[in-house]
Amino acid sequence: GLRMAWAWRENLTLRPVFTFGTMSDMDGTKDNEDKGTEFGLGVGFAYNINDTNTIIFGADYQYLKMEVGTGDEKMTTTYNAVPNLSLAVEQEFFDWLTFRAGASKYMVSVTEEQGSDKLEWKDHPFAFNLGCGIAVGDFAIDMELGQSWFYNLGYWFHGNQVYEGQTPIAKIQGKLY
């Protein structure tokens, strides 16, 4: 993947994004020809309202094609998402603490084919996120909460088990500048 930042104007940054990937023999058995291809293209705009507030808007296209199995048993799944629209706000409370919140709307169409059978459907999911960044010297840690956090708030207080695949923290990223 490739992500760039270009200061288009004094308070407006353009962020083009490109991703591409391929995979093969996903189950590790080497007895079939599982393969897949993914592609993504998007653009984001970060508008600095003032020194501590930023609004971010983005739009992107995502494509994924997976082929699993061989012969009549081969299943092909094609996933198209266009357009994906995202909007977020970011507030820097201190030099070392930043909060951000955002939402995304996806327009997804999926096709599954196996032999002569074909199944198509469309979905329009809505996603939201909440996160923060903490900076200590030249090191920064960014965290994004998982969507399940909003529904399992008690997890933080009493350790209630969350559902499989729904962790309270969706992503943690560290950066050294």
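This is a predicted model: local features need pLDDT of at least 70, side-chain atom pairs count only at pLDDT 80 or more; totals for chains, interfaces and linings use all residues.

Visitor: Where does T78 lie, and which residues is T78 in contact with, leaving aside neighbours within four places in sequence?

Guide: T78 lies in strand β6, residues 75–94. Strands here are DSSP runs of E with at least two residues, helices are runs of H or I with at least four, and both are numbered from the N terminus. With those neighbours set aside, T78 is in contact (heavy atoms within 4.5 Å) with Y63, L64, K65, S109, V110 and T111.

Visitor: What is the secondary structure of the chain?

Guide: There are 1 helix and 12 strands. Reading from the N terminus, the order is β-β-β-β-β-β-β-β-β-β-β-α-β. The chain has 177 residues, and 24% of them are buried.

Visitor: What makes the pair E67 and K35 a salt bridge?

Guide: A salt bridge is a side-chain nitrogen of Lys or Arg within 4 Å of a carboxyl oxygen of Asp or Glu. For E67 and K35 the N to O distance is 3.7 Å, so the pair qualifies. This pair links distant parts of the chain, with E67 in strand β5 and K35 in strand β4, 32 residues apart.

Visitor: Are E67 and K35 buried or partly exposed?

Guide: One of each! E67 has a relative accessible area of 14%, so E67 is buried, while K35 is partly exposed at 45%.

Visitor: Which other residue meets E67 in a salt bridge, and what is the distance?

Guide: That's K74, at 3.8 Å from N to O. K74 has 31% relative accessibility, so K74 counts as partly exposed. K35, K65, E67 and K74 are linked in a network of salt bridges, and the structure holds 7 salt bridges.

Visitor: How do you know that K175 and D142 meet in a salt bridge?

Guide: Their N to O distance is 4.0 Å, and the cut-off is within 4 Å, so the pair counts. K175 lies in strand β12 (residues 169–176) and D142 in strand β11 (residues 139–145), so the bridge ties together parts that are 33 residues apart in sequence. D142 is buried, at 18%, and K175 is partly exposed, at 27%.

Visitor: How do you know that β11 and β12 pair?

Guide: Two strands pair if DSSP finds at least two bridges between them. For β11 and β12 there are 7 bridges, so they pair, and they run antiparallel. M143 stands opposite I172 in β12.

Visitor: How do β10 and β11 pair, and how many bridges do they have?

Guide: Strand β10 (residues 126–136) and β11 pair in the antiparallel sense over 7 bridges. V136 has F139 in β11 as its bridge partner. Their hairpin has 2 residues between the strands, and G137 takes a positive phi near 65° there.

Visitor: Which residues form the nonpolar patch on the surface?

Guide: Y47, I49, I55, F57, L85, L87 and V89, with about 590 Å² of accessible area together. Accessible areas come from the Shrake-Rupley method with a 1.4 Å probe; for residues, only the protein chains shown count as cover. β6 gives the most to the patch, with 3 residues.

Visitor: What makes Y47 partly exposed?

Guide: Y47 has 38% relative accessibility, so Y47 counts as partly exposed. Its place is in strand β4, residues 35–48.

Key: Residues are numbered from 1 along each chain as its sequence is written. Side-chain values use heavy atoms; hydrogens and water are left out. Patches are made of residues with over 30% relative accessible area and no salt bridge: like charges are joined within 9 Å, nonpolar side chains (Val, Leu, Ile, Met, Phe, Trp, Tyr) within 5 Å. Buried means under 20% relative accessible area, exposed over 50%, partly exposed in between (1.4 Å probe, protein chains only).
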